[in-house]
Amino acid sequence: MTASKTDLPQGTLDLLILKVVALGPVHGYAIAQRLEQVSRGVVQVPEGSLYPALHRLENRGLLTADWKETETGREAKFYRLTAKGRKRLETEAASWQRLIDAIALILGMASGGAR
Amino acid sequence: MNWWQRLWRRKKMEEQLEKELRFHLEQHINELVARGDTPDLAQRNARLALGGPEQVKEMCRDARGTRWMEDLLQDTRYALRTFRQKPGFTLVALLILSLGIGATTVMFAVINSVLLRPLSYPEPDRLVTLRGFTEQFGEFWGFSNLDFGDAKRESQTLALAAWTYAGGTVSEPGEPQYVNGRQISAELFSTLDISPVQGRAFRRDEDQPGAQAVAIISHGLWQRDFGGDASAIGRSLVYEGKPYTVVGIAPAGFQLDGDADVFTPLQQRQNTDPRMQNRSARFLRVMARLRPGFGLAEGRTELALIARHLADEYPKSNAGLSMTAYPLQKELVGDVGSTLWLLLCAVGLVLLIACVNIASLLLARAVSRERELAMRVALGAGRSRLARQCLTESAMLGLGGGVLGVVLAFASVHPFVAFWPGSLPRAEEVHLDWRVLVFAVGASLLSGLLFGLAPALRVPVRSAEQTLRAGARSIAGRSRRLHSAFVISEIALALVLLASAGMLGQTLLALTSLDPGFNVHDVMAARLALSPARLGNPEQIRAAWQDVLDRARRVPGVDSVALVDIIPMREGENSLPYWTTATPPPPNQQPVALASSVTPDYLKVMGIPLRQGRFFNDHDGIGSEPVVVIDDNLARRAFGTKNAVGKRIWIPAMGGAGPVLVVGVVGHVRHWGLAGDDQSRVRDQMYYPLAQVPAPLLHFFSSIMSIAARTTIPPTNAVEPLRRELRGAAGDQVLYEVHTMEQLVSASLARQRFLLLLFGVFAGLALLLACIGIYGVLAYFTGQRVPEIGVRMTLGANPLDVMRLVLGESLVMIFIGVGVGLLAALAAGRILNRLVEGMRPADASTFAITIPVLVIAALFASFVPARRASRVDPVTALRQQ
């Protein structure tokens, strides 16, 4: 664990999980792996809060899960997105995009306005 | 899966959670090993990355959404186990609580039924009662028949109805018996919006003088004398020697002001009572229902207007008379409200002390369980979770106490009502309903919260690690302060109750030692109804009364006998204005005196001292000069210190136009009761001879006279011989409302005595609870300090020093408690002073008695732990470390 890794902003873990699960049925460990790989190691996924988040999302009906065999023959809990989860992912992702655009705009303006 | 299924499959879900986390760990380890780590290192790193497995599981369970339910079940089981482990503590706590909650629930049940629940008539909030007011008399309930008639005709906002008291003898069917009756206006039933269970209400043409004699009888009389048979309608009832046709049966439990068995039309009273045409004779009670669309304020405005019209039109009788209306419920309930709230406050205080007591016991246990709690925090329990568990435990204790309390209340509410001094209004309606149950549950949960809060708040005090390391001896300063605060508040609350009981006791003592103004011993008094057959003409009535006197005198054991219309300290009064100059002062400045008509032996029977002049004799009759005897209050007010005998006063209400001669002055009698007399509005008294009552009023007087007898044997023994002797030729002259004067005097203090008894019991309970609390807290304190005491003793302290140390500590708490309690008790004294008549203000002597009692009891409770501390063996104590 190096100090250069960035902590996740509050409330984004759910969104990231939904995004990863949207790509196809996946188990908890794979979610953690993929998040770290995709973010090129920048994002540190706190594994301790990954499972509570998964259970919370399942409890809210955004995810559903069943037990299946992995390619190595082990039984694991695979999460899938529900219709409700897909919709939530779309709206959340859109609102994140808006927020990012707005912040980028403000930061860009600030550097231009200083002159 | 809904939450219920999730709850149901809890075990399966736990297994799956375990499996899922295990899978994660194994995958992680495999990967790390594949990258070249040693298996040991891989395992370590994988575990570090995931975090504590139990903490992660807790968080996952939290995310499930059924946590509260699972926790509740778990906490409940845990609490039950704790209770089983400490049966003694649980039993004592439940006992204390059930007593507190039971007593509070009983008080609330009575308040609920008497004060809060609406009357059992349709739209009870639209029913009002009317009151009159003059400067002279203050507020009163009486209305004259003529005023009632005018107000009824003129009012647009109120539908008025009236009734008045009229008892009499029912001689057929059944044994002759005296019954209470009411004469009611025809509109009464329709105004209340009720109808007779059989037959009908009175018609308007029956509510006229000289109309056919008809009666409505009570449900009780119908059952007793007519066997509850529907054929009673139309049958005859001989009442006051006159046949009445029964036209209706009143609903069971129907009541106006007290019980009544026979109802007759009001205006038929004009046949026998000339006062019905006298605007100054105010003896009707008037009630009304607000007509649709009008409120109480409008009704009052209109009544004020009507009263002003009447005052303009009839200034002689109505000048200065105003009228107003109040909700009927308030009127029926009278002044018991203040007594009830007072008692609820007192039991509330006891309950509060009980809660504080249990809180301190629970806290002591929580402190000794600190290590256990810290261990559980270390094992993954959240702090809020532990606090919740503490609260679950106390809430269960509270509810358990509540259930037992309700059972207790259920068993004791009726005995309590029966125990009430005099008659509690609406007593027959008192029972436990859902509101009472809600109250009891609320009180139990609130108590549970109250005593559970302190231990629950303690949970997150310090870091778990520190606690675990500190060992058993650690005792936080915070808990000591909290414990001291508990003891202080218990002492303060107990002092409030003790001082209140002390004040009531002193008041009762002072009131009992007051001179009632007459000799209360060996006197009996009873109302007497003359045989209706002897009420023919005035001469017959006078002869009948003389006959009663002669017969009563012959009864063995009877020393002297008199007739009187108003017996001291019993219900009933007749207040008349008087003045001492030929020209009357304006009505609102006329003084008022209580007037009794008596026969000559009255002074001797009652033992009232004669101050000046003479009392009446047989020569004071209808033909001789009208005379009165006044009491020393009236003599002082009217004539100052000068000799009053031979002076004249004007009393227009007594019939004659001219003044009457004062022939004597007698001592003042505390007519309004030992407690109430000093504050009463009418303090002057006068007596006039029954023999001089004008002939037209004699028939009415016959219905209100009582007989009083001084006896040489115990007065209760003379009652039966008197009853037999006075029964009369037709056997229908009945003695009723028989009392000895001692009973009446004692009954006049019944409210104070009742309050004293209950406050005394509550104060005793509070004292006991406070002592248990002090004992518990000190025993706990000294138990915690055993090693310290051991050190002190090794360094040379002797047992006496140790005792002084412990007692000193308890004395500080006691004195702070007394100081706080003193202030609260002074405030409570003010409230009592306002609510209880004859109450003496709190003075130094009250506290001079109660504070030492409290301090001594509290010191006694601290003595046992102090002694135990002084006997600590230094060697064993030091070894404990």
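# Two chains in contact: a walk through the model

The contact between the chains takes 12 residues from chain A and 17 residues from chain B. Residues count as in contact if their C-beta atoms, placed from the backbone, lie within 7 Å. On chain A, the elements that give two or more residues to the side touching chain B are helix 2 (28-38), helix 3 (47-59) and strand 3 (75-81). Helix 3 of chain A gives the most to that side, with 7 residues. By class, the side of chain A that touches chain B has 4 nonpolar, 4 polar and 4 charged residues. Here Ala, Val, Leu, Ile, Met, Phe, Trp, Tyr, Cys and Pro are nonpolar, Asp, Glu, Lys and Arg are charged, and the others, Gly among them, are polar. Helices (H or I, at least four residues) and strands (E, at least two) are DSSP runs, numbered from the N terminus.

This is a predicted model, in which local features need pLDDT of at least 70 and side-chain atom pairs count only at pLDDT 80 or more, while totals for chains, interfaces and linings use all residues. Residues are numbered from 1 along each chain as its sequence is written, with chains lettered from A and ligands numbered from 1 in the order in which they are written.

Stay with chain A. Its 3 strands form an open, antiparallel sheet in the order 1-3-2. Strands pair if DSSP finds at least two bridges between them. Strand 1 (26-27) and strand 2 (63-69) of chain A are at the edges and have a single partner strand each, so one side of each has no neighbour in the sheet. Strand 1 and strand 3 of chain A pair over 2 bridges, in the antiparallel sense. A:His27 stands opposite A:Phe78 in strand 3 of chain A. Helix 1 (residues 12-22) of chain A lies across strand 1, strand 2 and strand 3, and runs at about 100° to strand 3 of chain A. Axes are lines fitted to C-alpha atoms, for helices over the stretch in contact, and angles run from 0 to 180 degrees between N-to-C directions.

Now chain B. An automatic or database assignment sets the domain bounds. Chain B is divided into domain 1 (3-65), domain 2 (136-319), domain 3 (336-513 + 750-879) and domain 4 (531-732). The C-alpha centres of domain 1 and domain 3 of chain B lie 49 Å apart.

The axes of helix 2 (residues 10-34) and helix 3 (residues 39-50) of chain B come within 9 Å and cross at roughly 135°. That makes helix 2 of chain B oblique to helix 3 of chain B. Angles under 35 degrees count as roughly parallel, over 145 as roughly antiparallel, 65 to 115 as roughly perpendicular and the rest as oblique. Residues of helix 2 of chain B in this contact include B:His24 and B:Leu25.

Helix 6 (residues 87-116) and helix 15 (residues 383-419) of chain B pack at about 45°, with their axes 6 Å apart. They are therefore oblique to each other. Their contact divides into 15 nonpolar, 9 polar and no charged residues.

The axes of helix 13 (residues 336-368) and helix 25 (residues 750-784) of chain B come within 9 Å and cross at roughly 10°. Helix 13 and helix 25 of chain B are therefore roughly parallel. Their contact has 21 nonpolar, 5 polar and 1 charged residues.

Technical notes: Two residues are in contact if their C-beta atoms, placed from the backbone, lie within 7 Å.
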